[in-house]
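Welcome! Here is a short tour of a protein chain for anyone meeting it for the first time. Take a look at the sequence and structure, then read on.

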Amino acid sequence: MQANLVLEDGTVFPGRSVGAEGVAAGEACFTTVMAGYEEAVTDPSYVAQVLCFAYPLIGNYGVDEARLESESVQAEAVVMRTARPAWAGWLRDRGVVAVDEVDTRALVRRIRANGVLRCAVGTAPVEELHARALAEPPIDGRPLRRHMGTREPYTVGSGPRVALVDLGCKRSIPARLAATGLEVLVVPSSWDAEAILDEQPQAVLVGNGPGDPAVLEGPIETVRDLLGEVPLFGICLGHQLLGLALGLDTYKLPFGHRGANHPVRDLRTGRVLVTVQNHGYAVRADDEELVSHVSLNDGSVEGLEGDDFASVQFHPEAAPGPLDALPFFDRIAAACRSARTFVRS
């Protein structure tokens, strides 16, 4: 069935509907990953976004349910050049609007040239899709309430305790932490610092999630209150919230960093890491003493570090992707094992 993707500027990209019928809208973004499409579409960081795969063939090794990063597809729609039948059927069975036979190279180039744009995708007439794209509210300044993490605390693994604040965290993050010999207490994003500290963790990690970090006033206050109380770590959105809690600013990147081959320099060692990334916002830090990692693509801040905190903008859990940054979890485990028994004052 004929389908189209229409950008807010009126540009039309024709294609073929291979998913559910209907219309979906969101911010158009792209990822350059060549594998891990199941992980990508189920990553909660893609809430409110229409995900375009730059790689031209998606679904070539089927679908492995064990690789899902959440309980359902989080992207609003999926756009591809060529979708393999089993993968397309999997998306269709889950009610996901998906199209292929799109000139994804041209779409990616347009996003790179013009920055992120709102769009609508589906089988409706072009005029209706354009109107739907224009009606979609921008992500900037908008809290994204859907899929913002667990509502009840739960634990994974055993050993010294690390609390993981879930703002839309990928499943592989607690799994990686547990694999280092830690008990991971995953807590809702609504918990304040006192509630978290009452659980007596040896460290706290603030995980990834979707949206504009500057609007998350509650979690920013929680991170601010945790600073100095317990070793504190952050990944992706958690890194941005740590920056805001430290008094730094965040800003929106022109088209974000999404892929599995982003080079990052560790300023402490000089080593270059090939990293997995999925974010549309970045931290601005004028204090070079706080910056631990920088992007070799655009120079943006990729890590912050202090006496009792460390954060990274990239995804060290590497699901999928290279394992260069995996030692970040060993660092969290070491902090938990070296921490004194936690006692509330």
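This is a predicted model: local features need pLDDT of at least 70, side-chain atom pairs count only at pLDDT 80 or more; totals for chains, interfaces and linings use all residues.

- Leaving aside residues up to four places away in sequence, Ile196 touches Ala163, Val165, Val187, Trp191, Pro201, Val204, Thr222 and Leu226.

**Helix α9**
- Helix α9 covers residues 327-338 and reaches 16 Å from its first C-alpha to its last, close to the 16 Å expected.
- Its buried residues are Phe328, Phe329, Ile332, Ala333, Ala335 and Cys336.
- Seen down the axis of α9, these buried residues fall within an arc of 160 degrees, so they line one face of the helix.
- They pack against β11, α5, β13, β14 and β19.

**The whole chain**
- The chain has nine helices and 19 strands.
- Its radius of gyration is 20 Å, close to the 20 Å that the globule rule gives for 345 residues, so the chain is as compact as a globular protein of that length.
- Of the 345 residues, 57% count as buried.
- Among contacts between residues at least 6 apart in sequence, 70% join residues at least 24 apart.

Technical notes: Residues are numbered from 1 along each chain as its sequence is written. Side-chain values use heavy atoms; hydrogens and water are left out. Helices (H or I, at least four residues) and strands (E, at least two) are DSSP runs, numbered from the N terminus. The expected span of a helix is 1.5 Å times one less than its number of residues. Buried means under 20% relative accessible area, exposed over 50%, partly exposed in between (1.4 Å probe, protein chains only). The arc is that of the directions from the helix axis to the C-beta atoms. Contact means heavy atoms within 4.5 Å. The radius of gyration is taken over C-alpha atoms; the globule rule is 2.2 Å times the number of residues to the power 0.38.
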